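Please read them with the structure open beside you.

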Amino acid sequence: MDLRRLRYFVAVAEERSVGRAAVRLRMAQPPLSVQIRKLESEVGTPLFRRGTRGMELTAAGRALLSRAREALALTAEGFEAARAVAAGRRGRLSVGYMFALAHAVLPRLVPELRRSLPKVDLEFIELSASTREARVLDHSVTVALCMPAIRHSEIEISTIGKQRLMLAMPAGSQLARSAAVPVRKLQGRPLISLPGAAEDPSTSVVTSLLRRHQVSMPVANRVETVHSALSLVLAGEGMAILPACAQLGCPTGVVFRPFLDADDAIDVAVCWRRDSLNPLVRNFLKCAEKVIRYA
């Protein structure tokens with residue numbers, strides 16, 4: 001059934017006049033009369049009769065009117081829903097995040113997303129160094145909040161901030177007595193590496209730091225997550241060079257110290273599939289940039 005004819009029918013029913021309905025619809029009266037007759041032919045029964053108060057609905061017309069209004073309302077709602085999804089005001093957004101950023105970013109990011117995108121269904125998924133790339137590529141997450149960025153030909157990235165590298169060590173360590181640690185003091189000390197060099201280029205930041213200061217640290221353990229690294233530091237297995245935000249989830253017994261002679265930092269980035277047409281990506285990026293700016 002032609003929705004345009006339903007709209008004409010509702011106008012005539014509400015105005016009780018083809019002439020007044022034509023004015024309301026901004027069209028000539030004869031074409032409107034033709035459309036009403038075609039609708040009656042399509043339904044198979046008269047919908048109006050002429051009465052003392054103008055065009056009056058028949059029993060069939062009254063039965064159609066409520067459903068015609070509902071159909072037009074649902075159509076309008078459908079169009080608005082489509083526009084809202086296209087504008088990034090509605091829909092579903094699956095957000096992946098690295099654990100190291102959880103305490104520093106999520107408490108600010110989630111309320112900002114809820115405020116800015118109140119009609120969007122949000123899902124949050126923790127990522128690790130070994131899962132984050134696959135999760136983006138297989139559409140498990142719409143966007144990923146990563147540190148550092150995922151380097152892949154099919155993944156788009158936007159760098160939104162940086163996190164300074166710091167030294168995580170047991171609270172009882174001799175180096176913990178200093179307010180800042182010279183990089184040369186790390187020579188020969190065991191390193192908890194996160195993650196392995198073959199798995200993620202983020203290690204190049206740590207490697208570059210140590211190489212520049214001509215310092216060698218034997219790798220005691222390779223782990224995928226910050227909480228694993230902190231657990232091994234707490235267990236006395238070595239020290240870890242981690243982004244500053246990791247200290248927000250630091251267990252008792254582990255302390256962080258800045259480097260005295262280095263200010264190397266790791267990029268914080270939003271990553272998503274390069275071929276994604278989801279307008280929510282753009283809106284998420286605005287929220288994330290705002291949050292990181294004040295984090």
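1. Start with the packing of helix α2 (residues 18-25) against α3. Their axes are 9 Å apart and cross at an angle of about 110°. The two helices therefore count as roughly perpendicular. On the α2 side, the contact uses V18, G19, A21, A22 and L25. On the α3 side, Q29, L32 and S33 take part. By class, this contact has five nonpolar residues, three polar residues and no charged ones. Keep in mind that this is a predicted model.

2. Now look at the loop between these two helices. R26 is found there. Its phi is near 60°, a positive value in a residue other than glycine. Is R26 buried or exposed? R26 has 80% relative accessibility, so it counts as exposed, since the cut-off for exposed is over 50%.

3. Stay with α3, which covers residues 29-43. Q35 lies in this helix. At 13% relative accessibility, Q35 counts as buried, because buried means under 20%. Which residues does Q35 touch, not counting those up to four places away in sequence? They are R4, R5 and Y8.

4. Helix α5 deserves a close look. It runs over residues 99-116 and has 18 residues. From its first C-alpha to its last it reaches 24 Å, close to the 26 Å expected at 1.5 Å a residue. Where does α5 bend? The bend is at V105, by about 65°. A proline, P107, follows within four residues.

5. As background, an α-helix has 3.6 residues a turn, so residues three or four places apart point the same way.

6. H139 has phi near 70°, and H139 is a residue other than glycine. H139 is found in the loop between α6 (132-137) and β5. With a relative accessible area of 57%, H139 is exposed.

7. Check the peptide bond from M147 to P148. It is cis, with omega near 0°. P148 sits in the loop between β5 (143-146) and β6.

8. Follow the chain into strand β6, residues 155-170, where M169 has its place. M169 is buried, with a relative accessible area of 0%. What does M169 contact, leaving aside its neighbours within four places in sequence? Its partners are L175, A176, V181, V233, M239, G253, V254, V255 and R257. M169 and T252 are 83 residues apart in sequence, yet their C-alpha atoms are 11 Å apart in space.

9. Last, T225. This residue has its place in the loop between β8 (219-222) and α8 (226-234). Is T225 buried or exposed? The relative accessible area of T225 is 14%, so T225 is buried. Not counting residues up to four places away in sequence, T225 touches S128 and L194.

10. R26 counts as exposed, and H139 is exposed, whereas T225 is buried.

Key: Residues numbered from 1 in each chain as written. Predicted model: local features only at pLDDT ≥ 70, side-chain atom pairs only at ≥ 80, totals over all residues. Heavy atoms only, no water. Buried < 20%, exposed > 50% of the residue type's maximum accessible area, 1.4 Å probe, protein only. Contact = heavy atoms within 4.5 Å. Axes fitted to C-alpha atoms, helices over the stretch in contact; angles between N-to-C directions. Parallel < 35°, antiparallel > 145°, perpendicular 65-115°, else oblique. Nonpolar A, V, L, I, M, F, W, Y, C, P; charged D, E, K, R; others polar. Expected span 1.5 Å × (residues − 1). Bend = angle between axes of the 7 residues up to and from the residue.
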